Structure formats: C-alpha cells, structure tokens
Amino acid sequence: MQEFINMCEACNPGETEFLQAISEVAESIKPVLEKHPEYRKAKILERIVEPERIIIFRVPWVDDKGEVQVNRGYRVQANSAIGPYKGGLRFHPSVNLSILKFLGFEQIFKNALTTLPMGGGKGGSNFNPKGKSDNEVMRFCHSFMSELFRHIGADTDVPAGDIGVGGREIGYLFGMYKKLKGEFTGVLTGKGLDWGGSLIRPEATGYGCVYFASEMLGTKNKSLEGKTCLVSGSGNVAQYTVEKIIELGGKAVTLSDSSGYIYDESGIDREKLDYVMHLKNIVRGRIKEYTEKYPEAVYTPLDADLAYNPLWNHKADCAFPSATQNEINEKDAQNLVNNGIQLVAEGANMPTTPEGVEIFLDAKILYGPGKAANAGGVSVSGLEMTQNSMRLKWTQEEVDSYLLRIMKSIHSACLAASEEYGAVGNYVMGANIAGFTKVANSMLAQGIV
C-alpha cells in the first residue's frame with residue numbers, strides 16, 4: 001500500500017487535497033484487497049485513482065466595463081463504471097485541479113452509496129461570482145458552457161451546482177446548452193422548478209445530513225430532540241441543515257461565513273433562519289449582520305493567526321461542518337471532544353483533516369464522513385434525472401420520502417460493511433468499503449477499459 005501511495009504522490013505532485021482523499025480510502029480498503037485478490041490483479045485501485053478524462057479549457061468573457069477577462073474551466077470525469085458522470089460545478093477563486101480531482105474521487109464512492117446509477121465527476125472554474133453583476137455572471141456562464149457542452153449530456157455527464165453555482169448560474173448554463181445542442185434534456189440538475197427541476201433539491205444535502213445523523217443517533221437509542229448543534233457555513237447546506245434540526249427538535253447555535261461566525265446561545269429559530277436565508281440568498285450580505293438584527297448573538301471575526309476555529313470550541317451535543325474542506329483540524333476536533341460532542345455529521349466534503357478524523361474515531365463518537373452523510377444532495381440530483389427521463393414531476397412529499405429512504409439505505413450499507421470487516425460502527429471504513437466494492441465489481445465485469 002505504501003508503494004501505491006508513493007506512486008500517487010509521484011504522479012500527482014503538490015495535489016495535497018487529492019492525495020489526502022486517496023490515502024483515506026486506501027487505508028480503509030486494505031482488508032477488502034486482502035480478501036479479494038482479484039481486485040489487486042485487475043489493478044482496480046490503480047485504475048480508480050486515475051480519472052477517465054480531464055478537460056481543461058480557457059473561459060474568456062467581457063465584464064461590465066468592457067474589459068476582457070480570462071478564467072480557467074475544468075471538468076474531471078472520474079469514473080463511469082456504474083452510470084454517467086455526476087457531480088457539481090464549483091465557481092470559486094480557490095478552484096484548482098487538486099481540489100476538483102479530490103472532489104471527483106470522493107464523488108465516485110458517494111454516488112455508489114446512493115443506490116442510484118451514477119458515476120463520479122466534478123468541475124468548475126476559478127471564476128468568483130461574488131460581487132459580479134447578473135450580466136457578468138451570465139456572460140461567464142455562457143462562455144463556460146460554450147466549451148463544456150461538447151463533453152456532457154444526459155447519458156454521458158450530468159453536472160450540478162456546488163459552491164458559487166446556484167439557481168442563477170444553472171439557469172444561464174442550461175440556456176446556453178439548450179441553444180447550442182438544440183434540445184431540452186436533463187443535462188444539468190438543480191434546475192428551476194418551472195423548467196425541469198425537482199422539489200427538495202435545494203434542501204437535499206442539509207436534510208439528508210440530518211437524516212443520516214438521526215440514523216446514527218438511533219443506534220444509541222437517541223434522537224436530535226433537545227440536542228444543541230454547532231453548524232458552520234451559512235449557504236445552502238447550512239441553511240437547510242438548521243431547518244431540519246429545528247423540525248426534529250434540536251437547537252442550532254452557530255453559523256459562519258468566510259469573515260467569521262455568530263453564536264446565538266438561545267438558538268436559531270424559524271424566524272431567525274428566515275432572516276439568514278434572506279440575508280445570504282437575496283441581499284448576499286455577511287453573517288456579521290445577524291448580530292445587528294439579533295443583538296443577543298455574539299459575532300467573532302475570523303482570526304487567521306489562531307491555530308483553531310473558536311466556532312468548534314462551544315459546548316454542544318452535535319456538530320455539522322457545512323462550509324468547506326479541512327475546516328476542522330486536530331485542535332478543533334479535540335476541542336469538540338473535550339466539550340462533550342456526541343456526533344459529527346459532515347455536510348461539506350472532507351471538512352475534517354486526517355488528524356481530526358483520528359481523534360473522532362479514537363473517542364468513539366458517532367462520526368459520519370461526508371461521502372455518506374452529505375450524499376442527500378446528489379441523491380436528489382439523481383431523482384431529478386429520473387423525473388426528467390420520465391417527463392414527470394413528483395410531489396415534495398414523494399421526493400422527501402425517497403431521500404429519507406436513500407439516507408437510511410446508505411446508513412445501513414455503511415454499518416453492514418463496517419461489521420463485515422471487523423470495524424463495527426466505523427462509518428469511515430463502512431462508507432469507503434461499501435462504495436468501493438460496488439464500483440470495483442462493476443469495473444471487473446466490464447474488463448480493462
């Protein structure tokens with residue numbers, strides 16, 4: 001296994017996020033490779049870490065001042081063994097090939113867990129939609145799609161939204177795809193309800209994460225009722241995580257953005273959450289403004305010199321990291337454990353560093369890794385694809401019931417895999433093993449392709 005890791009490091013120099021994701025999966029599936037020599041002979045692991053295709057392209061566009069701007073676009077088509085590539089598009093200045101390869105790699109296993117026929121992919125650009133006018137975002141999206149359209153399709157690759165890509169961006173991207181291809185197909189998910197979108201899609205990742213957390217608590221005969229919860233982020237995932245926590249009787253006390261975080265000891269109730277949704281989705285303001293509306297809350301600005309994030313240093317029962325990768329480091333994880341945390345369910349992708357994960361596992365708390373806990377978003381994207389193919393639209397209750405059923409199935413698959421390989425209750429191993437074996441068996445059946 002160390003030889004394999006060394007090979008990955010040599011082939012992907014400097015791609016720290018991608019190498020981190022590979023190492024986590026490789027460590028988890030050691031017992032699987034020992035039990036199944038046919039996987040080793042067919043070089044399944046070596047093949048699965050190499051994306052099937054990577055597309056990199058320039059994206060020129062004109063800003064409102066008439067100046068030409070140039071960004072870089074990407075699509076990583078990671079694995080299509082069980083279905084068309086499926087994964088979001090991220091528009092953010094931090095986007096690079098390492099991050100997208102890590103996200104696409106994680107998406108392979110996450111999608112396999114959903115029970116739906118979807119492969120793994122990811123894409124995006126270093127374009128920053130923040131502070132741009134609607135017309136500037138439209139011109140960028142149209143330029144981006146004028147290249148991407150060649151490489152995607154309803155039965156080939158179905159992108160979705162991610163950080164920086166919401167309903168506005170999906171609309172512009174879909175409009176240009178439809179014009180260039182001359183067809184109306186379910187090539188993007190996260191569409192508007194009037195033109196092929198699915199109910200519950202905006203809520204799905206947050207709702208699914210809380211459903212998964214409830215299943216984990218259920219193994220200890222507990223529930224979210226009365227639990228104090230720490231939530232990071234204030235975007236789509238965080239908002240609907242808080243909404244479902246409220247619905248299930250819990251109390252969320254934190255939210256954050258890139259400038260800092262708020263702590264509201266009395267809890268973020270429905271009225272306060274409605275304010276946050278208006279602030280972040282309509283006004284596009286900063287979370288600091290929450291304390292102007294609700295002065296009993298405390299705002300703490302980001303301090304880059306601190307070796308930890310004080311958001312994770314409050315006494316609470318459950319934590320839902322819902323912002324970005326590696327937001328919980330070793331010190332944060334220890335602070336959470338010291339403050340009595342019972343459960344961590346990851347709404348973001350890989351938000352905990354390897355050192356932090358070890359602390360959670362050693363403490364034997366309930367720890368749901370992102371590829372399992374936040375699979376609700378891509379699950380409902382898959383359900384949107386199904387509705388598009390059938391030319392049908394399901395009710396909110398139907399989609400939500402499918403989502404709950406899928407999250408329960410993912411939880412059961414993780415538990416069963418962890419038990420089969422002697423690591424009962426280790427959801428990291430369970431998720432990696434359950435996802436890997438499904439993809440590995442499909443790759444074996446299809447030969448060396």
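How far is the sulfur of Cys 11 from the closest cysteine sulfur, and in which residue does that partner lie?

1. Please keep in mind throughout that this is a predicted model. The closest cysteine sulfur to that of Cys 11 belongs to Cys 8, and the separation is 6.9 Å, too far for a bond. A disulfide would need the two sulfur atoms within 2.5 Å. The count of disulfides in the structure is 0.

2. Two cysteines can be set side by side for their surroundings. Cys 11 has a relative accessible area of 52% and is therefore classed as exposed, the cut-off being over 50%. Cys 141, with 0% relative accessibility, counts as buried.

3. A further cysteine, Cys 318, belongs to the discussion of a parallel sheet. Its bridge partner in S12 is Leu 343. The two strands concerned are S11, residues 318-320, and S12, residues 343-345, which pair in the parallel sense over 2 bridges.

4. The sheet that holds this pair is open and has 5 strands, in the order S7-S6-S11-S12-S13, with parallel pairing. Its edges are strand S7 (251-252) and strand S13 (366-368); each has a single partner strand, so one side of each has no neighbour in the sheet.

5. Another open sheet is built from 3 strands in the order S8-S9-S10, and here the pairing is antiparallel. Strand S8 (254-257) and strand S10 (298-301) are at the edges, each with a single partner strand, so each has one side left without a neighbour in the sheet. Ignoring direction, neighbouring strands of this sheet are turned by 15° against each other on average.

6. Within the antiparallel sheet, strand S9 covers residues 260-263 and pairs with S10 over 4 bridges, in the antiparallel sense. Tyr 261 stands opposite Thr 300, which lies in S10.

7. The last point concerns the surface. Val 62 has a relative accessible area of 34% and is partly exposed.

How values were computed:
Residues numbered from 1 in each chain as written. Predicted model: local features only at pLDDT ≥ 70, side-chain atom pairs only at ≥ 80, totals over all residues. Heavy atoms only, no water. Pairing = 2+ DSSP bridges. Axes fitted to C-alpha atoms, helices over the stretch in contact; angles between N-to-C directions. Buried < 20%, exposed > 50% of the residue type's maximum accessible area, 1.4 Å probe, protein only.
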